[in-house]
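Me: I have a chain open on my screen and would like to understand the labels used for it. Could you take me through them?

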Amino acid sequence: LTVTMEELARSFMCGGTGGDKPPRLGRVHLDRACVVVSGGLANTTYSVKSRISECYSCAFTPVWPGGGVKGQLNVGSDSQQNPAISAFNSFQVDTRYRTYLEIYENGSEKAGCVTDYHFGQYGLYNLSLNNCSISIQEKASNAYIPLFWGLVIICLLAGLRLTYQAIYKTSVFRRFLVWLSLRTEVPNDLTQFADTSALLETSEENNKRSRRLRSLDAFRGLSISIMIFVNYGGGSYYFFNHSPWNGLTVADLVF
């Protein structure tokens, strides 16, 4: 509650994700983290390439252009403990899988050093160009807490429903309901409800007439609910979206 909106917005801003487009600050979305580059030697240009462990046969792609970019990080200076984030000294990485990083010097085709790290969602990290070490500047936040509380609420509702059904099926509770209905009826209509046992037998017969399979109905309802949730974005969680080329997610199982 003591964090200002300006500080909150700054913590979610980071450089681009690489490619040929010029670097610019952008919002860090779900399943992403921000890496700030620091350190390095004077008169040396650097570049960083990355690859996620899920795509083991893919080539490394540039994520930080390094040298030759106007306004880039001033390498050669001492590494700051918390360097300011700009479009020229930071980049975003995927947090769903482990990430491999390679640092290149002076346009060399051979990586100067290689490291791997499993970044946390919305975390802020520092990558040293000197030794490829990665340190945590701001701890990652857990974006799955809403799903946890949603599951807890569903379990509580299901528990209340099962408890109600268990109590309602007891003969004492049902006789109490019949007695209560008889007490609330108009005296002229009491004659048609005089036989309590007959009323209980009628309700039991009505329950036996229902031949629907509740487990199948519950499965259909769950499938439709997940379909609607997936069609509306799935809360941006990757497992509520279809797998791009391999793997199996919740959305794939439902459809």
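This is a predicted model: local features need pLDDT of at least 70, side-chain atom pairs count only at pLDDT 80 or more; totals for chains, interfaces and linings use all residues.

Me: What makes Cys132 count as buried or exposed?

Reply: Its relative accessibility decides that. Buried means under 20%, and Cys132 has 5% relative accessibility, so Cys132 counts as buried. As for its place, Cys132 sits in the loop between β9 and β10 (134-138).

Me: And why is Tyr122 called partly exposed?

Reply: Here the value falls between two cut-offs. Buried means under 20% and exposed means over 50%, with partly exposed in between. Tyr122 has 23% relative accessibility, so Tyr122 counts as partly exposed. You will find Tyr122 in the loop between β8 (113-117) and β9 (124-128).

Me: What is the phi of Tyr122, and what is the phi of Cys132?

Reply: Phi of Tyr122 is near 65 degrees, a positive value, and Tyr122 is not a glycine. Cys132, also not a glycine, has a positive phi of about 65 degrees. For background, most residues other than glycine have a negative phi.

Me: Which share of the contacts between residues at least 6 apart in sequence joins residues at least 24 apart?

Reply: That share is 59%. A pair counts as a contact when heavy atoms lie within 4.5 Å.

How values were computed. Residues are numbered from 1 along each chain as its sequence is written. Side-chain values use heavy atoms; hydrogens and water are left out. Helices (H or I, at least four residues) and strands (E, at least two) are DSSP runs, numbered from the N terminus. Buried means under 20% relative accessible area, exposed over 50%, partly exposed in between (1.4 Å probe, protein chains only).
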